[in-house]
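Please take a look at the sequence and the model below. The paragraphs that follow lead through some parts of it, one after another.

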Amino acid sequence: MSSSSPSSRRAFLRTLGQLGLLGGPVAAARPAFTLGLAGLGAMAAQSSSAAQLDRPYRALVCLFMNGGNDAHNWLVPLDSAEHAAYTRARGDLALPASALLEIASRSQQAGRRFGLARELQPLSTWYGRGRCAFVANVGPLSQPTTLADVQAGRGLPAKLYSHNDQQATWQSLQPEGIARIGWGGRMADLLASANQNTVLTTISAAGQAIFLNGSGVQPYQIDPEGLVDVRALQSGAWLHGSAGAQARLEALLRSNGSTDLQAEHARVTRRALDTAAQLRGALAGTPELPLGAVTLTDGSRLDLAKDPLARQLRMVARLIAAAPALGLRRQVFMVSIGGFDTHAQQAARHPLLGARVAHAVDAFLNGLQGLGRLDDVLLFSASDFGRTLTSNGSGSNHGWGGHHFVAGGGIRGGDILGRFPTVALGTSTDVGSGRLLPTTSLTEYAASLGRWMGLSPSELLTVLPGLERFATAGPDLGGG
């Protein structure tokens, strides 16, 4: 090990800790991984991993759509026979061909044609530029699964169609109550050694997020305006501007106290205060990306400066701009938007949700391009689940597989990756009411994102338990 770099040694020790091979309080405080082939592979891969960490800055941004997005009305088959089958299945929810923006696809079966909902026009533009791609029919699978397996209840993910459980599954590969560590956090555990300040390896603008929890790293939380700080320590917070009271409070917060618990609390508090001070200074030198009003396809106006998702992404862009000043080379972020549980009034509600996502992402990508960082960042969508093809008379119910998009990152864009299903009832992927059996597993989708971040095949086995059960490690996003 004498010839290895500091980052390589740190990565090696971190992996030993994750495998439970290091003693002491750190190893005792975290659950040990089983020392199987994946664990041995992760140890053996440290030399290649370190080379990956020496690559330029990269950031992964999870855009989570809470409620279960009905992406069957985002990405729609346009060839006449397939669109007719889609229309029969969707009934009053179906979009006419005239309401769709046609997009090309190299990877799907010859003769297939596809369209995007008009409210996604900004994503269509990035798709045409080769900076956005769709991954078809993604959902959690425990193993390769057929319709016969579903009908027999064989090898299925736990608690399908439950919001809380499937949100947890999408973020951690385990249902609520079992989930403690997310696959984004497990990635960050392996990547954190590239950063001078590991506290800022994972950052959430979406509150508490299992996705970002690791064994070693924990998410740093921000809000759309910046730091979540101790208000009483800010200038002018005290009556008559009492600098003495402010200084005394900070001293108390930093004091070790008289017990081990107090000392640990003080240590965490000091780290938070010091990190906030560093981050505040770095953000002061970053531009405030403009957010204006946009006109939607129905003629209404959307003020992005007041939109929560657009504001979250604006702050993420500023943090990415500040990364060099903070000595950061690998980061994982999370932002979110709610409202996608469209059991009712879907025809009125869903287009606005799509427009908010598309325009917020458009502003984010334009901002990154202006900063010269577009190739360094990959944003991907996630949601509780897809929805039923069938209508309940006002909306759609909880489903399984759904389409997702990735954008930025110098990826292999302008394409629909994975296997696009037949959007119809009574097919080999219809498990009931048009709930589509996924043709790309969430685990494979996550592996594609991990490869883009520079993880080796053996590290992906550590990050994504069960990946070895699938024949592929997910669609090739490019950008490597």
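Which residues in α8 are buried? In this predicted model, the buried residues of α8 are His163, Asp165, Gln166, Ala168, Thr169, Trp170, Gln171 and Ser172. Helix α8 covers residues 163-172, and because 8 of its 10 residues are buried, α8 is largely enclosed by the rest of the structure. After the helix comes Leu173, which has a positive phi, near 75°.

His83 is part of helix α5, which runs over residues 80-90. The relative accessibility of His83 is 11%, and residues under 20% are called buried, so His83 counts as buried. A polar atom of the His83 side chain lies 3.0 Å from the backbone oxygen of Leu95.

The next part concerns a pair of helices. Helix α12 (residues 308-322) packs with helix α13 (residues 346-371), their axes being 9 Å apart and at an angle of about 20°. Angles under 35 degrees count as roughly parallel, and α12 and α13 are therefore roughly parallel to each other. Their crossing is right-handed. On the side of α12, the contact is made by Pro308, Leu309, Ala310, Leu313, Val316, Ala317, Ile320 and Ala321. On the side of α13, Arg356, Val357, Ala360, Val361, Phe364, Leu368 and Leu371 take part. Of the residues in this contact of α12 with α13, 14 are nonpolar, none is polar and 1 is charged.

The last stop is in a loop. Thr429 is placed between β14 (416-417) and β15 (440-441), in the loop that lies between these strands. Is Thr429 buried or exposed? Thr429 counts as buried because its relative accessibility is 6%. The side chain of Thr429 is joined to the side chain of Thr427 by a polar contact of 3.1 Å. With residues up to four places away in sequence not counted, Thr429 touches Arg419, Pro421, Thr422, Arg435, Leu436, Leu437 and Thr439.

Terms used: Residues are numbered from 1 along each chain as its sequence is written. This is a predicted model: local features need pLDDT of at least 70, side-chain atom pairs count only at pLDDT 80 or more; totals for chains, interfaces and linings use all residues. Side-chain values use heavy atoms; hydrogens and water are left out. Helices (H or I, at least four residues) and strands (E, at least two) are DSSP runs, numbered from the N terminus. Buried means under 20% relative accessible area, exposed over 50%, partly exposed in between (1.4 Å probe, protein chains only). A polar contact is a pair of N or O atoms within 3.5 Å; within protein, one must be able to donate a hydrogen and the other to accept it, and residues adjacent in sequence count only if both atoms are side-chain atoms. Contact means heavy atoms within 4.5 Å. Axes are lines fitted to C-alpha atoms, for helices over the stretch in contact, and angles run from 0 to 180 degrees between N-to-C directions. Angles under 35 degrees count as roughly parallel, over 145 as roughly antiparallel, 65 to 115 as roughly perpendicular and the rest as oblique. A crossing is left-handed if the near helix is turned anticlockwise from the far one by less than a right angle, and right-handed if clockwise. Ala, Val, Leu, Ile, Met, Phe, Trp, Tyr, Cys and Pro count as nonpolar, Asp, Glu, Lys and Arg as charged, and the others, Gly among them, as polar.
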